[in-house]
Amino acid sequence: MDDNLMMIWQKCLQFMRDNLNAAEDNSDLKKLEKSFDMLFDKVQPLSLVANNLTLIVPSDFYKEYIEDNYLSLLSAALKKNIGKGVKLWYSVMENRPKGEEKPVTMNIKGQSVPTPKTQETMPQGFSANIVNPFVVPGIRKVNIDSNLKPDYSFDSYVEGESNKFAATVARSIAKRPGATAFNPLFLYGGYGVGKTHLGQAVGLEVKNQFPDKVVLYLSSEKFIQQFISAAKAHKQTEFANFYQMVDVLIIDDIQFLSGKSATQDSFFHIFDHLHQNGKQIILTSDKAPADIMDIQDRIVSRFKWGLSAEIKSPDLSTRRQIIEDKLSRDGIVLPGDMLDFLAVETKTNVRELIGVINSVIAYSTVYKRDLSLELLKETINRIAANQKKIINIPYIQEVVCDYFGIKKEQLLSKTRKREIALPRQLAMYFSKEFTNSTFTKIGEEMGGKDHSTVMYACDTIKDVSKIDKEIKKYVKDLTERIKQ
């Protein structure tokens, strides 16, 4: 590395560090400095040629974080130590081909540093001059209902350790939809952990910042229904053309495309068109991309193009913050012991948490009772008694079908396709584990299967789950769901 370049870079870092407190509205200077040092300790200058400065960064995330949080400060530092009109380039270490020592510079055309916010990142192999053949010159974009809920904004989204990474990425996307490395954004996690809220928050922020952009949120079930209707009317082309004009597409529960081959074909082409034209795609799922069964490999590979972020169930401190935030919006203030009790007693997911809070408020209002710790205990005990489910074979079948995105008729059928046979074996295994039913009884409930088939399924799952990570994960996830 050029010693002169390193000296210039060190001066830039020192300038930025000296001006941190002025650039940030934050009095905790030591915390700012620590965060700054941790970030830029892994950023190095690679070259400075004709006012083109190339920085080595460990991943795309570093580039996005620098641009979103330090670009103004970096602009001033470069102007002071190098001069006007500096263009930034990034060399991303993660993208280097195997066997090559040198990192590969991403195809990023930088602007002059004083106006870096207008930088655009184009996917490799695509031209900035791509023309959308479905948009006729002079014709305005269609005005559609985005299907977004105003309550699902970033302002009402409570961040904690379980969702901090996903939320940080989502906010970055909302500032520059389609122009970050996080495309698609694939959010996955269990039931009710806030995937839908976060996806819609991006859409709401985009509509707020860029009113002319077309944002559309819908469930995968709705997408499938629309495709089926279009296919019956021989209007698949019009269906595809409509979605190809969307700027930000948010699809919930994408795992339900499982087994829908024709719909998957249409989705694949829509995805490719949007991605190639710099449109933002956000998908949510209760499973990671690799865990979704019966999805075309080419689609799974595209799920992995951008960023997959897991959202876990909120921890105790986050649950407490969610409760406090929800109650404050309703004009209710509870003492600390009551907040702690609610947070401890509702452990599974955000949706359940909000349901409990609403039930407590409603009970207090209807019966004209003051909110108290005693009332909270009464209400939660009542909810628990009403929601307690009997674990039987039909219930287990329902949980398994919901987890794998299949219908009960498929589970009970005679097909031996892996995407159905595996869930069926798991349902048999859990029926034996959680009920007192005999092998014969389980076989009858599973579409008239022989008792030996049930025995084989139980032994298979028990043995394979010890050595196969995928099956082990299925057993763990489904055990938790059945017990809920």
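# Briefing on a predicted protein chain

In the protein chain, residues 24 or more positions apart account for 71% of the contacts with a separation of 6 or more, where contact means heavy atoms within 4.5 Å. This is a predicted model, in which local features need pLDDT of at least 70 and side-chain atom pairs count only at pLDDT 80 or more, while totals for chains, interfaces and linings use all residues. Residues are numbered from 1 along each chain as its sequence is written, and side-chain values use heavy atoms, with hydrogens and water left out.

The protein chain holds 21 helices and 11 strands; helices (H or I, at least four residues) and strands (E, at least two) are DSSP runs, numbered from the N terminus. Of its 484 residues, 45% count as buried, where buried means under 20% relative accessible area, exposed means over 50%, and partly exposed lies in between (1.4 Å probe, protein chains only).

**Nonpolar cores**

- The largest nonpolar core has 30 residues, and Phe223, Ile254, Phe267 and Phe303 touch the most other members; such a core is a set of buried Ala, Val, Leu, Ile, Met, Phe, Trp, Tyr and Cys residues joined through side-chain atoms within 4.5 Å.
- Among the elements that give two or more residues to this core are strand 7 (185–188), strand 8 (215–219), helix 8 (220–232), helix 10 (261–276) and helix 11 (297–303), and the largest share, five residues, comes from helix 10.
- Once its neighbours within four places in sequence are left aside, Phe303 is in contact with Pro184, Phe186, Ile254, Phe267, Leu283, Pro289, Ile292, Ile295 and Ser308.
- Another core, of 29 residues, lies apart from the largest one, and its members include Met293, Leu426, Val454 and Tyr474.

**The annotated binding site**

- An unreviewed UniProt entry places the feature "binding site" at Gly192, Gly194, Lys195 and Thr196; UniProt positions are given in the numbering used here, feature names are shortened, and annotations may be inferred rather than shown by experiment.
- Gly192 lies in the loop between strand 7 and helix 7 (195–209), and Gly192 counts as buried because its relative accessible area is 6%.
- Gly194 is also placed in the loop between strand 7 and helix 7, and with a relative accessible area of 16% Gly194 is buried.
- Not counting residues up to four places away in sequence, Gly194 touches Tyr157 and Ile311.

**Pairs of packed helices**

- Two packed helices are described by the angle between their axes and the distance between the axes.
- The axes of helix 6 (residues 164–175) and helix 7 come within 9 Å and cross at roughly 25°; axes are lines fitted to C-alpha atoms, for helices over the stretch in contact, and angles run from 0 to 180 degrees between N-to-C directions.
- Helix 6 and helix 7 are therefore roughly parallel to each other, given that angles under 35 degrees count as roughly parallel, over 145 as roughly antiparallel, 65 to 115 as roughly perpendicular and the rest as oblique.
- The contact is made by Ala166, Ala167, Ala170, Ile173 and Ala174 of helix 6 and Leu198, Val202, Glu205 and Val206 of helix 7.
- For helix 12 (residues 316–329) and helix 13 (residues 336–345), the axes come within 9 Å and cross at roughly 120°, so helix 12 is oblique to helix 13.
- Helix 18 (residues 418–434) and helix 20 (residues 451–464) have axes that come within 8 Å and cross at roughly 95°, so helix 18 is roughly perpendicular to helix 20.
- Among the residues that make this contact are Leu422, Leu426 and Tyr429 of helix 18, together with Val454, Ala457 and Ile461 of helix 20.

**Single residues to look at**

- Tyr363 has its place in helix 14 (residues 350–366), and Tyr363 is buried, with a relative accessible area of 18%.
- Tyr363 and Thr379 are 16 residues apart along the chain, and their C-alpha atoms are separated by 7.7 Å.
- A cis peptide bond, with omega of about 10°, joins Asn183 and Pro184, and Pro184 is found in the loop between helix 6 and strand 7.
- His234, in the loop between helix 8 and helix 9, has a positive phi of about 55° although it is not a glycine, and His234 counts as exposed at 68% relative accessibility.
- Asp253, in the loop between strand 9 and helix 10, is a residue other than glycine with a positive phi near 55°, and Asp253 counts as partly exposed at 24% relative accessibility.
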